[in-house]
Every structure is written in structure tokens, then in C-alpha cells.
Amino acid sequence: MIRIALAVAVLAAPVYASETKEESCKYQGQVMAAVQQARLDRVKQEDVEQVILDSEHDWPAAYSNAIPQLASHVYSMTRRDLKNTDLGAVFEQQCLQNWDQIQAMQKQLKSN
């Protein structure tokens with residue numbers, strides 16, 4: 001899950017300058033929760049990005065770039081496992097816990 005959090009962080013990097021750690025991680029959790037809900041609603045994986053983009057959501061557009069990577073992860077899980085886990089909350093918590101590592105990775109990528 002940490003690798004997924006890092007991918008989201010890199011994909012949403014342009015947004016970070018104007019957001020706090022808490023805001024950014026909240027948005028990342030919301031995107032993950034939307035992907036999880038789409039899976040539980042039996043949305044086909046190839047349609048999940050468009051279905052989520054067509055729905056109402058509160059996160060900045062840059063965070064939507066991570067939907068395909070998150071979908072790949074979420075759709076590899078069984079629906080039974082998804083029913084018992086709040087991936088959005090887990091993802092937000094991991095983002096908060098790994099914030100410094102994510103920021104260091106972003107700085108490294110920008111310098112390359």
C-alpha cells in the first residue's frame with residue numbers, strides 16, 4: 001500500500017505547493033475510497049476512471065491522475081476483502097505517516 005501512496009503522491013505533485021499535508025492526504029484517501037466504492041458497485045475496471053470523473057467529487061483534478069494506478073490495486077483485491085476494509089481511511093493514514101518519505105521522493109524526482 002505504501003508503494004501505491006507514493007505513486008499517488010508523485011502523480012498529484014503539482015497540487016502540493018498549495019496544500020497542507022492533511023489536505024493532500026485527505027484527497028488521496030477520497031480518491032482511494034471512490035475507487036473502492038466503484039469496485040463494490042461492480043463498475044468494470046476499464047470504466048472506473050470515467051465513472052469516477054463523471055461523478056461529483058471534492059478533490060482537485062490532479063488527484064484524479066492516480067485513479068488508474070489505484071484501480072489496478074483495488075481491482076486485484078476480492079470484493080469480500082474490500083467490504084471489510086475502509087481503504088480510504090487506511091490510505092489517508094499511511095499518507096500521513098509516510099509524508100516525509102513522500103516529500104523526499106518528490107524532491108529527488110524533481111532534481112533528476
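Is Met32 buried or exposed, and at what relative accessibility? Met32 counts as buried, at 0% relative accessibility, where buried means under 20% relative accessible area, exposed over 50%, and partly exposed in between (1.4 Å probe, protein chains only). Met32 sits in helix α2. Its C-alpha atom is separated by 9.3 Å from that of Val90, a residue 58 places away along the chain.

A few ground rules come before the rest. The model is predicted, so local features need pLDDT of at least 70 and side-chain atom pairs count only at pLDDT 80 or more, while totals for chains, interfaces and linings use all residues. Residues are numbered from 1 along each chain as its sequence is written, and side-chain values use heavy atoms, with hydrogens and water left out.

On confidence, the protein chain has a mean pLDDT of 84, and 80% of its residues reach 70 or more; pLDDT is the predictor's confidence in each residue, from 0 to 100.

As for the overall layout, the protein chain contains 7 helices and 0 strands, and reads α-α-α-α-α-α-α along the sequence. Helices (H or I, at least four residues) and strands (E, at least two) are DSSP runs, numbered from the N terminus. Of the 112 residues in the protein chain, 42% are buried. The accessible surface of the protein chain comes to about 6,400 Å², and carbon and sulfur atoms account for 47% of it; these areas come from the Shrake-Rupley method with a 1.4 Å probe, and for residues only the protein chains shown count as cover. Taking contacts between residues at least 6 apart in sequence, 79% join residues at least 24 apart, a contact being heavy atoms within 4.5 Å.

Next comes the disulfide. A search of the whole structure turns up 1 disulfide, defined as a pair of cysteine sulfur atoms within 2.5 Å. The partners are Cys25 and Cys95, with sulfur atoms 2.0 Å apart. Cys25 belongs to helix α2 (residues 21–40) and Cys95 to helix α6 (residues 87–97), so the pair ties together parts that are 70 residues apart in sequence. The torsion about the S-S bond of Cys25 and Cys95 is about -70°, so this disulfide is left-handed. Cys25 and Cys95 are both buried.

What about the nonpolar interior? The largest nonpolar core has 20 residues, and those with the most contacts inside it are Val35, Val48, Ile52, Leu70, Val74 and Tyr75. Such a core is a set of buried Ala, Val, Leu, Ile, Met, Phe, Trp, Tyr and Cys residues joined through side-chain atoms within 4.5 Å. Two or more residues of this core come from each of α2, α3 (45–54), α4 and α6, with α2 giving the largest share, 6 residues. In soluble globular proteins, nonpolar side chains tend to be buried together.

Helix α4 (residues 67–74) has Ile67, Leu70, Ala71 and Val74 as its buried residues. They cover an arc of only 105° around the axis, which puts them on the same side of α4; the arc is that of the directions from the helix axis to the C-beta atoms. Setting aside neighbours within four places in sequence, Val74 is in contact with Met32, Val35, Gln36, Arg39, Leu82 and Leu87. Pro68 is also in helix α4, but is partly exposed, with a relative accessible area of 35%.

Arg42, in the loop between α2 and α3, has a positive phi of about 65° although it is not a glycine. Most residues other than glycine have a negative phi. Arg42 is exposed, with a relative accessible area of 62%. Asp86 lies in the loop between α5 (79–83) and α6 and is partly exposed, at a relative accessible area of 48%. Asp86 and Ala33 are 53 residues apart in sequence, with their C-alpha atoms 7.3 Å apart in space.
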